[in-house]
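Please walk me through this structure, with attention to one of its pockets and to the sheet that helps to line it.

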Amino acid sequence: MSGQEILLQAEHLKKSFQVNGGIVSAVDDVNLEIYRGETLALVGESGCGKSTLGRVLIRLIEPTSGKTTFKGIDLSQCSKKQLRDLYKSVQIIFQDPFSCLDPRMKVGEIIGEPMQIHHMYKNKRELQMQVQKLMKDVGVRPEYFNRYPHQFSGGQRQRIGIARALSVNPELVICDEPVSALDVSIQAQILNLLKDLQKERNLTYLFISHDLSVVRYISDRVCVMFLGRLCEIGPSEEVYQHPLHPYTQCLLDSVPIPDPEQRREDKEPLTGEIPSPINPPSGCRFHTRCPYATEECINICPEYQDMGGGRFCACHHPLKTV
């Protein structure tokens, strides 16, 4: 995507955690670029490190090594005060729409709190008007300003979380599994809301999810993650139509197809040993389950290959050449 402005860039980003039994490399040597105005989806199975990566990118969790730059600013060199000012431009929508809202605060206070921190209003009347406008924009009735989170449904609470994230007019919003806890019909409403808000406010999204059908609907580019490492990056439709990494193909094969006549019954189930995040295998981390693994895959960790057309793949034997 040459020519587009890079809003956020990660270089050799790593994050390790000390656990009983060893060290888990939740994020291992990640290089990533997010362009202004796009939706970059980060997908992978539970436990692959995608939510940790989302937090490490903006220093909600301190990285073990590597760096992230936002609009050219090296976040690793920022003080706490500088980070607080920067968080006006970077916000996050969390997975659980209930636990991320303070049950002791009224909805108006929850949405207005970031505005108070960043001094974005002249008086209480203006603050209330801004909050109520935000509530209306995300589909929550403004007259519910003085209600508490437990008085709302899950979908309404997620809308409140979105309103809080947008209250400081951010440029980048990290959406961490924002619809996974919601009913399917509500998921569609929230996804449409996010797309509408992106157009209206020129937002950039990092959309983290394990649901590939959701990702296909909302994303411009897809980044596939396995056991702390990135496997494949590319434009959404191209990745879905012609995956390059065997793990991407396995993820796509696992997506349920509602039409019985279109279901493929000839899909081969994955075999082999499931790798441990505490003691990951040598070489390519997917080689213990990959049907195309060779001696090279077992011994040598694959480097990113530029496959052209904005596509990158970390595989010794990309599928189009198999």
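**A pocket and its sheet**

The second largest pocket has a volume of about 490 Å³. Its lining comprises 26 residues, and those closest to the centre are Asn31, Leu230, Ile233, Tyr304 and Phe312. A pocket is an open set of points on a 1 Å grid over the protein atoms alone, where a 1.4 Å probe fits, with protein on both sides within 12 Å along at least five of seven lines; lining residues have an atom within 4 Å of a point. Grid points are joined across faces, edges and corners, and the volume is the space filled by probe spheres set on them.

This is a predicted model, in which local features need pLDDT of at least 70 and side-chain atom pairs pLDDT 80 or more, while totals for chains, interfaces and linings use all residues. Residues are numbered from 1 along each chain as its sequence is written, and side-chain values use heavy atoms, without hydrogens and water.

β2, β9 (221–226) and β10 (229–235) each supply at least two lining residues of the second largest pocket. The largest share, 7 residues, comes from β2. Strands are DSSP runs of E, at least two residues long, numbered from the N terminus.

β2 also belongs to an open, antiparallel sheet of 4 strands, ordered β2-β1-β4-β5. β2 (22–35) and β5 (73–74) are at the edges with a single partner strand each, so one side of each has no neighbour in the sheet. Two strands pair if DSSP finds at least two bridges between them; β1 (residues 6–19) and β2 pair over 10 bridges. Within this pairing, Ala10 has Leu32 in β2 as its bridge partner.
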